[in-house]
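Open the model in your viewer and keep the selection tool at hand. We will go stop by stop.

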Amino acid sequence: MATDSVDPELAARLQELGKEPGGTVKVDEIAEVVEAILTTMHGDLSAVDVKLYDELENLSRFISEAKSDIAALRPDEVKDEFLPKAADELDAIVEATAEATNSIMDAVGEIEEVMSKLKGKNAERLMDATTKIYEACGFQDITGQRITKVVGALHHIEEKVDALLAAFGDEIAKYKVANPKTEEPPEAQKPTDEELLHGPQMKEQAMSQDDIDALLNSFD
Amino acid sequence: MAVDLNMNVLIVDDYQTMLRILRNLLRQLNFKNIDEASDGSEALKKLRAKSFGLIISDWNMEPMTGIQLLREVRADEKLKHIPFVMITAESKSENVIAAKEAGVSNYIVKPFNAETLKGKLISVLGEF
């Protein structure tokens, strides 16, 4: 480098960054360091210096573009909205299948009661059928365990996105301000997700049939 | 010697549905006295309070897992003779080996059917 030694302020900054816990450094800080290196290069530059300067300039541009690209992906939405929603939906599946399985087993219990009063082939056939139903109900246990694993994976992704958000500092907040969400959908466009039905609602958000009947009756 | 179908059987699983399935299948196999626990530590308390002739346990439970329960049972002079059947979705060979080394009597992989359950219980307890 054309400068005889590294700028002491820059050297101190580099040393400070090296001590960052967890091996993560904010993207802004990397960009700052690259900029600082660029500004410390002055005086008569050799061919090697020029090459290094070019590379650093490219790196600076790359970081800046990557920052904008990743901010545009809105990782904050992924963490705050999509991941928790996905986890809630999966939990709801487990709950719903458990409820359905218990209802099936309640019904089988009643069949068994009737069965206990029967004798011979019919009793045997019913016994075989109820055994098969119990066996099949095991699906709830298996799906429940698998879904629980997926929910665990989602939490892991959430942690990683969290680390990404921390590394980006206020870059995402700046992007949000610069690109606010439009409330009004443009005319003559395909319906958005918001306009479409979202399938079964979460229990706490959903209206029961009684609620809906009451609402409809209130119009009479 | 004939299997005593009146013996106490302890089923251990953190999924209520699976406890219910097991209870019903065991009842269909004519076992009369079935008790439940939702994890290893609750199971241990019950095992130390009452006499049991068979333990059927899941692996993945909190706070005490099935394999921890198995090790506790085998380390306890009063409990170590009780047949212990592990029923679990953990079908990796290292799990089976770990269970075998800990002294499991038999190992059933979920999902299972009534025939498999009966077959494994016969191999552990004898014909019934």
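In which sense do β3(B) and β4(B) pair, and over how many bridges? They pair in the parallel sense, over three bridges. Strands pair here if DSSP finds at least two bridges between them. Strands (E, at least two residues) and helices (H or I, at least four) are DSSP runs, numbered from the N terminus.

Before going on, note that this is a predicted model: local features need pLDDT of at least 70, side-chain atom pairs count only at pLDDT 80 or more, and totals for chains, interfaces and linings use all residues. Residues are numbered from 1 along each chain as its sequence is written, and chains are lettered from A and ligands numbered from 1 in the order in which they are written.

**Stop 1: the sheet of chain B**

Select B:Ile56. It stands opposite B:Val85 in β4(B). B:Ile56, in β3(B), is also the bridge partner of B:Ile11. Now show strand β1 (residues 8-12) and strand β3 (residues 54-57) of chain B. They run parallel, and four bridges join them.

Zoom out to the whole sheet.

Next, select strand β4 (residues 84-88) of chain B. Five of its five residues are buried. Buried means that 20 or more other C-beta atoms lie within 10 Å of a residue's own; exposed means 12 or fewer, partly exposed is in between, and C-beta atoms are placed from the backbone. B:Phe84, B:Met86 and B:Thr88 point one way from β4(B), while B:Val85 and B:Ile87 point the other way.

**Stop 2: two helices in chain B**

Select helix α3 (residues 66-75) and helix α4 (residues 93-102) of chain B. They pack at an angle of about 15°, with their axes 9 Å apart. So α3(B) is roughly parallel to α4(B). Angles under 35 degrees count as roughly parallel, over 145 as roughly antiparallel, 65 to 115 as roughly perpendicular and the rest as oblique. Axes are lines fitted to C-alpha atoms, for helices over the stretch in contact, and angles run from 0 to 180 degrees between N-to-C directions.

Show the side chains. B:Ile67, B:Leu70, B:Arg71 and B:Arg74 in α3(B) meet B:Ala98, B:Ala99 and B:Ala102 in α4(B).

**Stop 3: where the chains meet**

Colour by chain. 16 residues of chain A are in contact with 15 residues of chain B. Contact means that C-beta atoms, placed from the backbone, lie within 7 Å. On the side of chain A that touches chain B, α4 and α5 (120-168) of chain A each give two or more residues. The largest share, twelve residues, comes from α5(A).

Select helix α4 (residues 75-115) of chain A and helix α1 (residues 16-28) of chain B. Their axes come within 10 Å and cross at roughly 20°. The contact is made by A:Ala98, A:Thr101, A:Asn102 and A:Met105 of α4(A) and B:Thr17, B:Arg20 and B:Asn24 of α1(B).

**Stop 4: B:Ala114**

Finish in helix α5 (residues 114-125) of chain B, where B:Ala114 is found. Is B:Ala114 buried or partly exposed? It counts as partly exposed, because it has 19 C-beta neighbours inside 10 Å. Leaving aside its neighbours within four places in sequence, B:Ala114 is in contact with A:Thr131, A:Glu135, B:Leu25 and B:Gln28.

How values were computed
Contact = placed C-beta atoms within 7 Å.
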